[in-house]
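Welcome! Have a look at the sequence and the 3D structure below, and then let us walk through some parts of it together.

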Amino acid sequence: MLAARRKATNIARSHAARSLSTKVSSSNVLGSDGRHEIWREGIYDHDNEPKVKRRDGSYQPIEKLRGFINYSRNKEPYRDPSKRVLDWGELNPVEGRDEEKHTEIERKIQAARCMDCGTPFCQTHTGCPVNNLIPEWNNLVYNGQWSDAIERLHKTNNFPEFTGRVCPAPCEGGCVAGLVDAPVTIKDIEYSIVDNAWIEGLITPRIPKERTGMTVAVVGSGPSGLATADQLNQMGHKVTVFERADRIGGLLMYGIPNMKLEKDTVDRRVNLLREEGIEFVTNADIGKNVDVNELRTNFDALSLCLGATKPRDLPVPGRELNGVHFAMVSVIPYPLEFLTENQKRLLVTKEGHLESNWDKEKFITAAGKDVIVIGGGDTGTDCIGTSMRHRCKSVTNFELMPQPPPERAQDNPWPQWPRVYGVDYGHAEVRAVFGKDPRVYSVMTKEFIGDEDGNVKALVTQDVDMSQGRPVAVEGSEREWPCDLAVLSMGFVAPEEYIAKELDLELDQRNNIHALYGDYRTSIEGVFAGGDCRRGQSLVVWAIHEGRGIADAVDSYLKEKRRDELEAGKPTSVFANLSSINAHV
Ligand SMILES: Cc1cc2nc3c(=O)[nH]c(=O)nc-3n(C[C@H](O)[C@H](O)[C@H](O)COP(=O)(O)OP(=O)(O)OC[C@H]3O[C@@H](n4cnc5c(N)ncnc54)[C@H](O)[C@@H]3O)c2cc1C
Ligand code: SF4
């Protein structure tokens, strides 16, 4: 009783303080449970919501007008790193199971921080690549209009459940609140909108009412291929997606590991697309076991969404030793790789039966090994996270570049993507288990050293000086590191060439398929390209953006084609359904 009275007095005091203050205070508003402190006593009839502690110390109803001043950014934490390394479940906490999960009140508070700016940089070209209508859905979440929120989110983003999990959130780098304080937790809000929508059954098949009679083949089922297919299907075209792997999803399925994106989440969306009328053909390696020219003949348009799957190599002495592997993609003469085969191994049913064609002989384990991951980025972090779950003996991560600064450098102003030091999930796990960060900066690998059986046992590095804008080896800085598994994760250089060769497609100077941004037409009529195979290795959100762009370009092309055919008075068999074609034109 006494404590309650003292608290009430404090509230009254802080009310007074608040009325004088317009500045953002840094006072801590988060309680011991990691959320904004709440106060349920007293008379307050606003939707039965509690009062929430503001930065000025007062407890008041949640309000949006000055939300970014009153409340702190509070990102929903991932699950505890020392616990999650023991399983392959997603990093994100699960509703009703994990205590880290934000409450509905905390979600509302975070949405209240959005200022609804006149120029929302978060959704322009400086922020979200798919131009998500961020302030609109933040406002809808604040008002509890979750079904309107998913409707707005789907307007610009075909697969928010993927971006809500794996996107690095360039939107947050451009958030205006980030100029004076910390950005809004946009990615978390996106995630909660789409997850809520799946749980509430708000996402159901949208089967197109009319069909145009036009057919499109999409090669590749990563996010760019899936977005292309989704858009074109909704426009009424008949879409078939061809994938060489045994499962649909591209890197969503066999690249990005389970802990970032569980595979049921990918299957759930693919099944929905299937119900909506898209046909999927797996184990169809176009250009190898299916003739690409046959597709050109049998479909009205062809879209290439092949990804960029040629890994960058490290041609130094000892590269051929056992235990030196690419992070992903088996290529001649190196048939073994680390991540994909691991992912296939995890695709078992609850009864323990394998659901994919996992080949035990090709599986590389990090268990009990000194692992060195060469190269950072998402792939490098995923190799670290995977090694931790295999129970490696140690893991070290080499970066050629120096350690980024803790805050934006002068040449990296807002609203650019902040190139600052961060701790990704894999680094946090190594810190939690081994007590130190795995990253070693400004080093390059000079040589792998093997034992008498041809297995790698160590590697030699040399420090590099980047002060002149290019790597300069520092004399006498050689170091030897024990290593019995080295994973090369230095990015991907280009798409594989066989389809481009067969079609005689023009490539750009980086060996990507040549097609102008926004146009997506290749050098061959009726053939389009986008995603990583056009822009180079990138992000899921950019792949979705390009997939949507390809669909618009293909649709315009099909309309032109149909008009020409009809004007020439010779509609072909694919135009059999003329009434719906006319309706579509
Ligand atoms: C390990 C790893 C982790 C990543 N983590 C992230 C992350 O956290 N966040 C993020 O935003 N991005 C991440 N990325 C990048 C992201 O996955 C890619 O940018 C994105 O998947 C590209 O999409 P895409 O559709 O262009 O190509 P992909 O996803 O590569 O899909 C291309 C598909 O085409 C198929 N294909 C190719 N050739 C043929 C053929 N001839 N016949 C039939 N099928 C063919 C391939 O099998 C593949 O399935 C990661 C990448 C990797 C490798
Ligand atoms: S897709 Fe990525 S950039 Fe766009 S709003 Fe979501 S997290 Fe931000």
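## Around ligand 2

Let us begin with two helices, α8 (170–174) and α10 (186–199), which each supply at least two residues of the shell around ligand 2. Helices (H or I, at least four residues) and strands (E, at least two) are DSSP runs, numbered from the N terminus.

A word on the model before we go on: it is predicted, so local features need pLDDT of at least 70 and side-chain atom pairs count only at pLDDT 80 or more, while totals for chains, interfaces and linings use all residues. Residues are numbered from 1 along each chain as its sequence is written, and chains are lettered from A and ligands numbered from 1 in the order in which they are written.

How many residues surround ligand 2? There are 14, and the closest are C128, T163, C167, C171 and K187. A residue is near a molecule or strand if its C-beta atom, placed from the backbone, lies within 6 Å of it. By class, this shell has 9 nonpolar, 3 polar and 2 charged residues. Here Ala, Val, Leu, Ile, Met, Phe, Trp, Tyr, Cys and Pro count as nonpolar, Asp, Glu, Lys and Arg as charged, and the others, Gly among them, as polar.

## α10 and its partner α5

Helix α10 also packs against α5, at an angle of about 60° and with the axes 11 Å apart. Axes are lines fitted to C-alpha atoms, for helices over the stretch in contact, and angles run from 0 to 180 degrees between N-to-C directions. The pair α5 and α10 is therefore oblique; angles under 35 degrees count as roughly parallel, over 145 as roughly antiparallel, 65 to 115 as roughly perpendicular and the rest as oblique.

The crossing of α5 and α10 is left-handed, a term used if the near helix is turned anticlockwise from the far one by less than a right angle, with right-handed used if clockwise. I134, W137, N138 and V141 of α5 meet I186, I189 and I193 of α10, where contact asks for C-beta atoms, placed from the backbone, within 7 Å. In this contact, 6 residues are nonpolar, 1 is polar and none is charged.

## Around ligand 1

Ligand 1 is surrounded by 38 residues, with G220, G222, G250, G307 and G531 the closest. The shell has 19 nonpolar, 12 polar and 7 charged residues. Helices α11 (223–234), α16 (377–390) and α20 (540–567) each supply at least two of the shell residues.

Two of the helices at ligand 1, α11 and α20, have axes that come within 7 Å and cross at roughly 40°. That makes α11 oblique to α20, and their crossing is right-handed.

Most residues other than glycine have a negative phi, and most peptide bonds are trans. D116, however, is not a glycine and has a positive phi of about 50°. Look for D116 in the loop between α4 (104–112) and α5 (134–142).

I332 and P333 are joined by a cis peptide bond, with omega about 5°. P333 sits in the loop between β9 (324–326) and α15 (339–346). Another cis bond runs from W414 to P415, with omega near 0°, and P415 is found in the loop between β11 (394–398) and α17 (425–434).

Definitions and conventions: Two residues are in contact if their C-beta atoms, placed from the backbone, lie within 7 Å.
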